[in-house]
Amino acid sequence: MKELPKVYEPQAVEKKIYDMWQTGGYFRGEADKNKKPFSIVMPPPNVTGQLHMGHALDCTLQDILTRYKRMQGFAALWLPGTDHAGIATQIKVEEDLRVNEGLTRYDLGREKFLERVWAWKEKYGDRIVEQQKVLGSSCDWSRSRFTMDDVCAKAVREAFCDLYEKGFIYKGNRIINWCPHCRTALSDAEVEYKDQPGHFWHIKYPIKDSDEYLIIATTRPETMLGDSGVAVHPEDERYTHLVGKSAILPLVGRELPIVADDYVELGFGTGAVKMTPCHDPNDYEVGLRHDLEQILIMDEDANIINGGKYNGMDRYTARKAIVKDLEEQGYLVKVEDHNHNVGTCYRCGTTVEPITSPQWFVKMAPLAKEAIRTVKDGEVKFVPERFTKIYMNWMENVHDWCISRQLWWGHQIPAWYCAECGHVTVSREDAVKCEKCGSANITREEDVLDTWFSSGLWPFSTMGWPEQTEDLAYWYPTSVMVTGYDIIFFWVARMIFSGMEQMKEHPFDTVFIHGLVRDSQGRKMSKSLGNGIDPLEMAETYGADALRFNLITGNSPGNDMRFYVEKCEAMRNFCNKIWNASRFVMMNLTIDKNELPEHLELEDKWILSKLNNTVKEVCENMDKFELGVAAGKIYDFIWDSYCDWYIELTKPRLNGEDEAAKIGAQKVLLYVLTRILELLHPFMPFITEEIWQALPHDGEALIVADYPKYSEELNFTQDEANFEVVMNAIKAVRSCRAEMNVPPSKKPHLIIVTEKKEVFGAGEVYLGRLAYAQSLEITDTAPENTEGMVCAVSGEARMFMPLSELVDIEKEKKRISGELEKAVKNRDSIKNKLSNEAFTSRAPENIVNAEREKLAKAEALIENLKISLENLG
């Protein structure tokens with residue numbers, strides 16, 4: 001047994017312990033037919049990213065679950081990896097090129113530019129991995145995957161070709177979301193809508209060969225250059241005579257057919273809507289129904305094309321010029337202020353432009369069916385359950401997914417165009433000739449796949465699919481997917497339909513959703529606000545365990561949490577509390593074997609029974625993913641029951657002359673401390689391992705020790721309840737003395753009036769020492785003369801102390817009156833709850849019974865307080 005230093009220094013311990021775990025191979029996932037599998041695939045962070053507080057929470061949750069299951073005897077695998085993060089990584093490298101060399105990617109060409117990105121990845125790719133290790137992440141690093149490594153690349157190509165051959169992937173000229181800054185298409189899930197101030201411009205559209213005109217309102221007047229029709233509702237009597245005629249496009253002079261379509265909302269606005277099929281998704285659909293011309297008026301940079309005198313202007317300059325011309329030529333009727341939802345790029349915040357463009361799409365309707373069924377049937381469960389509805393709503397209304405991106409960094413689409421016959425060859429191997437005509441004159445598609453296409457395959461591509469590997473057979477479906485609610489659509493939905501399509505099996509049993517980590521004011525952490533808190537800085541200052549425990553306590557599934565730096569300090573204090581308690585135990589140990597004694601004192605039975613119930617409740621909470629609740633219960637048990645009470649209770653035995661009693665106290669202290677370290681290990685792995693290694697123990701390391709189990713043998717229900725009665729009395733006396741500022745050196749005669757004389761008789765030794773009593777009298781009858789006595793009250797007893805000479809009587813009356821008022825309020829609140837039929841009929845029986853017990857205790861407390869008040873005269 002080694003000695004622990006006086007002060008816990010996390011910086012000196014954490015790296016040493018982590019290296020010991022890695023060297024011992026404790027993180028490795030080993031398929032074992034004699035064990036149940038438990039597997040998590042890590043949501044891959046961006047390969048060139050840095051660890052932020054969201055990652056820290058994500059990692060902490062996954063590590064807690066993995067360590068818990070590993071200790072429970074599961075064959076646990078936490079499989080790590082990183083994402084190539086198409087747009088994000090390419091933009092970083094392009095920015096670096098521009099700032100440091102004054103070059104663009106086009107100056108280098110595709111091949112040379114990709115060499116630069118790979119070099120960037122090699123330089124910064126391990127940064128986030130090393131940062132995850134600082135937090136204690138117990139991943140099997142030997143299996144680490146990258147979304148563009150050979151294994152994942154093979155899976156991506158197989159999935160693409162498979163879906164294409166089934167007719168689920170197609171190329172078509174469709175309206176897509178275009179980011180002019182990132183110069184690429186975005187899927188619907190990558191567009192964030194923000195409320196922005198804007199205007200409604202009301203414009204006259206003259207009717208051909210008539211004095212009539214239509215008034216049309218638009219928030220984007222520049223798009224009128226692409227108008228090819230006007231739509232009205234078929235039942236709008238104002239316009240039935242105009243259907244089939246033409247309007248004239250102001251400034252341009254183009255004839256626009258007037259069509260009737262149900263898309264137009266009857267009674268909204270002017271009732272006439274301009275149709276711009278190339279620049280609005282709804283107009284695009286109306287255009288297809290009525291064969292309207294498609295006129296593209298913006299290029300990749302959102303500059304005007306096919307717009308006459310406005311050509312070359314960017315969209316906002318063109319808007320100003322067009323509005324000015326409309327006003328000058330008498331077409332502008334009025335301008336109204338209008339707040340509207342504007343689609344922006346999730347990556348850079350630029351306003352997205354809907355444009356028609358030839359893109360690759362995945363047909364979602366046939367794939368969504370199984371993805372909906374597997375969740376409906378409960379094969380995949382969301383925690384919290386409310387997120388099921390959000391998922392189902394999205395899947396039931398899903399559009400075809402645009403999967404092509406106009407980037408160079410990513411999985412290049414495996415399609416080749418034949419210059420001779422126009423055929424498209426899609427192939428698992430690089431094509432050298434056209435599969436239709438045999439011509440070698442073929443060109444590969446330049447676009448790459450949406451990053452989420454490769455991420456969607458993550459639960460099985462990481463285990464070697466499309467090969468039917470042993471890993472897949474043993475660990476798929478994975479056990480749980482831990483992720484934030486902000487990427488349910490981006491990622492979770494795509495993993496589910498990809499798993500159902502490629503593996504014919506759901507990818508994970510549970511989706512454990514967590515919220516965002518916000519600052520102490522509830523704001524989202526961001527660079528622009530400058531309110532980001534670096535988790536590595538917190539770990540360096542307070543220790544990784546303190547950071548982890550801060551993130552997990554008070555955290556509930558699916559809800560955002562606020563991060564308080566002060567709480568890290570409080571959790572470091574908790575670490576110090578455990579450290580000091582462990583040092584105290586070790587300094588008093590003469591035993592080298594960890595086992596319970598044959599004879600147990602009342603205090604031993606109390607702590608063991610309390611521990612046993614804590615174990616039971618913690619495991620129940622963990623299995624329901626209530627990790628924050630479990631952590632809170634462990635914290636309370638360690639701080640309150642073990643450190644503040646049990647250690648104090650054992651001191652007379654430890655310092656006494658009775659050797660058997662001394663050994664008995666040591667054995668229970670060591671036994672409970674060891675169970676505490678096991679319980680706490682998944683949450684605070686470093687400090688628990690360091691202390692465990694210093695204690696007498698069996699086995700190599702705490703990380704692979706058994707997690708505590710509830711034991712009927714340690715269920716001392718009655719002893720625990722009896723001891724709590726004594727403790728409540730001690731607390732009441734101490735509280736009373738503290739309020740009157742009576743020092744511990746003043747030890748009065750203590751009269752305990754109770755119906756539970758036997759219980760208090762058994763606890764006499766504790767009452768004398770911990771309630772600071774010179775002598776004790778236990779009776780069921782109150783003293784005849786209580787004048788000059790102060791009374792402390794618990795639910796089960798009244799404690800009288802002749803302390804009148806030490807206390808201000810009037811002040812004492814005021815104190816008891818305050819307590820009585822509080823107790824009555826509490827009693828009334830419980831009564832109201834129990835008189836509410838909605839509660840008593842719907843709540844579980846044990847909850848209702850617990851409330852009834854609370855009511856009985858509250859009534860007893862009120863009675864005792866009233867008597868105490870009377871006794872003061």
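Q: Where do Tyr642 and Tyr646 lie?
A: Both are in helix α20 (residues 627–655), four residues apart, or about one turn of the helix. Helices here are DSSP runs of H or I with at least four residues, strands are runs of E with at least two, and both are numbered from the N terminus. The model is predicted: local features need pLDDT of at least 70, side-chain atom pairs count only at pLDDT 80 or more, and totals for chains, interfaces and linings use all residues. Residues are numbered from 1 along each chain as its sequence is written, and side-chain values use heavy atoms, leaving out hydrogens and water.

Q: How many aromatic pairs are found in the whole structure?
A: A pair of aromatic rings is described by the distance of the centres and the angle of the planes. Rings of Phe, Tyr and Trp (its six-membered ring) pair if their centres lie within 6.5 Å; planes under 30 degrees apart count as stacked, over 60 as edge-to-face and the rest as tilted. The search finds 32 pairs. One of them, Tyr170 with Phe361, is stacked, at 5.5 Å centre to centre and 15 degrees between the planes. Tyr170 is in strand β5 (residues 169–179) and Phe361 in strand β14 (residues 353–362), 191 residues apart.

Q: Is Phe361 buried or exposed?
A: Buried means under 20% relative accessible area, exposed over 50%, and partly exposed in between (1.4 Å probe, protein chains only). Phe361 has a relative accessible area of 4%, so Phe361 is buried. Tyr170 counts as buried because its relative accessibility is 16%.
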